[in-house]
Amino acid sequence: MEEFKVPDYNKDQTLRQCVQAALDHYFAHLDGFGASDLYQMVIHEVEKPLLETVMREAGGNQSRAANMLGMSRSTLRKKLAHHGLN
């Protein structure tokens with residue numbers, strides 16, 4: 001999956017606004033090509049940095065990170081392994 005660059009964001013933008021801006025940018029630069037598998041693309045782009053950041057904030061503690069994410073530790077472990085973060 002090819003990564004695309006988006007302009008810098010205003011530091012006061014919410015996460016929702018940042019995602020909206022990134023998607024607007026993505027659609028504006030399709031150059032006539034149709035979008036497909038958009039849901040998977042967004043999840044792929046967001047999940048790994050989310051896991052990396054939460055694990056850092058949790059000091060590497062998987063139980064704490066799972067609690068922060070609202071998921072079980074076993075689900076977190078599967079996601080970490082999927083992204084090569086174990």
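## About the model

This is a predicted model, in which local features need pLDDT of at least 70 and side-chain atom pairs count only at pLDDT 80 or more, while totals for chains, interfaces and linings use all residues. Residues are numbered from 1 along each chain as its sequence is written, and side-chain values use heavy atoms, leaving out hydrogens and water.

## The overall layout

The protein chain holds four helices and zero strands. Here helices (H or I, at least four residues) and strands (E, at least two) are DSSP runs, numbered from the N terminus. Read from the N terminus on, the order of elements is α-α-α-α.

Of the 86 residues in the protein chain, 19% count as buried. Buried means under 20% relative accessible area, exposed means over 50%, and partly exposed is in between, using a 1.4 Å probe and protein chains only. Another way to look at the fold is through contacts, meaning heavy atoms within 4.5 Å. Among contacts in the protein chain with a separation of 6 or more, 26% join residues 24 or more positions apart.

Helix 1 covers residues 15-28, and its 14 residues should span 20 Å at 1.5 Å a residue; the end C-alpha atoms are 20 Å apart, which agrees. The expected span of a helix is 1.5 Å times one less than its number of residues.

Which residues of helix 1 are buried? They are Cys18, Ala22, His25 and Tyr26. These residues cover an arc of only 100° around the axis, so they sit on the same side of helix 1. The arc is taken from the directions that run from the helix axis to the C-beta atoms. An α-helix has 3.6 residues a turn, so residues three or four places apart point the same way. The face turned away from the buried side of helix 1 carries the exposed residues Arg16 and Ala28. Helix 2 is included in what covers the buried residues of helix 1.

## The loop and helix 2

Between helix 1 and helix 2 there is a loop, where Asp37 is found. Asp37 is exposed, with a relative accessible area of 62%. Its phi is positive, about 55°, although Asp37 is not a glycine. Most residues other than glycine have a negative phi.

Helix 2 has 20 residues and reaches 29 Å from its first C-alpha to its last, close to the 28 Å expected at 1.5 Å a residue. Its buried residues are Met41, Glu47, Leu51, Val54 and Met55, and they pack against helix 1, helix 3 and helix 4. Val46 is also found in helix 2, but Val46 is partly exposed, with a relative accessible area of 42%. Val46 and Val19 are 27 residues apart along the chain, and their C-alpha atoms are separated by 9.5 Å. After helix 2 comes Gly59, with a positive phi near 65°.

## Glu47 meets Lys79

Glu47 has its place in helix 2 and counts as buried, at 17% relative accessibility. Leaving out residues up to four places away in sequence, Glu47 touches Lys79 and His83.

With 27% relative accessibility, Lys79 counts as partly exposed. Lys79 and Glu47 are 32 residues apart in sequence and 8.6 Å apart in space, C-alpha to C-alpha. Again leaving out residues up to four places away in sequence, Lys79 touches Glu47, Leu51 and Met71.

## The nonpolar core

Which residues make up the largest nonpolar core? The eight are Leu51, Val54, Met55, Ala58, Ala65, Ala66, Leu76 and Leu80. A nonpolar core is a set of buried Ala, Val, Leu, Ile, Met, Phe, Trp, Tyr and Cys residues joined through side-chain atoms within 4.5 Å. Helix 2 (38-57), helix 3 (62-69) and helix 4 (73-82) each give two or more residues to this core, and helix 2 gives the most, with three. Ala58 is in contact with Arg64, Ala65 and Met68, leaving aside its neighbours within four places in sequence.

## How helix 3 meets helix 4

Helix 3 and helix 4 pack at an angle of about 100°, with their axes 9 Å apart. Axes are lines fitted to C-alpha atoms, for helices over the stretch in contact, and angles run from 0 to 180 degrees between N-to-C directions. Helix 3 and helix 4 are therefore roughly perpendicular to each other, a term used for angles of 65 to 115 degrees, with under 35 counted as roughly parallel, over 145 as roughly antiparallel and the rest as oblique. Where they meet, Gln62, Ser63, Ala65, Ala66 and Leu69 of helix 3 face Arg73, Leu76, Arg77 and Leu80 of helix 4 in contact.
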